[in-house]
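The sequence and the model come first.

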Amino acid sequence: IYADKETPESDIPVLIVTMRGVKNPKAFQAALLEPLDPKQASELRSQRAGGYHEDIVNEAIRAKAREKNTNIVVIDEAHSILTYDGGKIGQQMARCIHGLVNEGIFSIILMGTEKVDNLFKIDSELKSRKVRDLRADLSAFKVTKAADRAYFFGFLKRLEDQMLARHLAHL
């Protein structure tokens, strides 16, 4: 994606959020909104409980994702969603994730330990939207492979061009 010059800078085709320290659905939604619309994320964080409606916030996330051409949301450390679970938070988080994928605006990839599977056990509707178990190999690029080198150096070239254009670096 980073090497794709066709992607406008304002687009976020792949949104990656980390769930480390997220303790409830509202904090989860704020973490998703932050890269899409920082102002809206800040307003959500300061909202009182009585003014907060999960479904309304999910719709705002979906609207911003449409605007930013987001196709995939990667939730890293998704297992930590269950860290603060006393039996209740996991259900809320699973329902919240289920609500986000309902409209089919984007796909969600949950990354983390095997504990992530518990989210699908908690919410049968979320489980019904699960495509399949994929155990991805996220090992490093291999310098000996031409395709890996081309992708990596393409990324570096785009990064350098952007830094030069913004006067963050000089030749």
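A crossing is called left-handed if the near helix is turned anticlockwise from the far one by less than a right angle, and right-handed if clockwise. Helices here are DSSP runs (H or I, at least four residues), numbered from the N terminus. By that definition of handedness, α1 and α2 cross in a left-handed way.

The model is predicted, so local features need pLDDT of at least 70 and side-chain atom pairs count only at pLDDT 80 or more, while totals for chains, interfaces and linings use all residues. Residues are numbered from 1 along each chain as its sequence is written, and side-chain values use heavy atoms, with hydrogens and water left out.

Axes are lines fitted to C-alpha atoms, for helices over the stretch in contact, with angles from 0 to 180 degrees between N-to-C directions.

| Helix pair | Axes come within | Crossing angle |
|---|---|---|
| α1 (residues 25-36) and α2 (residues 38-46) | 6 Å | roughly 160° |
| α1 and α4 (residues 89-101) | 9 Å | roughly 40° |

Angles under 35 degrees count as roughly parallel, over 145 as roughly antiparallel, 65 to 115 as roughly perpendicular and the rest as oblique. α1 and α2 are therefore roughly antiparallel, and α1 is oblique to α4.

In contact (heavy atoms within 4.5 Å), P25, F28, Q29 and L32 of α1 meet Q92, M93, C96, I97 and L100 of α4. Towards α2, the α1 residues in contact include K26, Q29, L33 and E34, and their α2 partners include P38, Q40, L44 and R45.

Terms used. Helix = DSSP H or I, 4+ residues; strand = E, 2+ residues; numbered from the N terminus.
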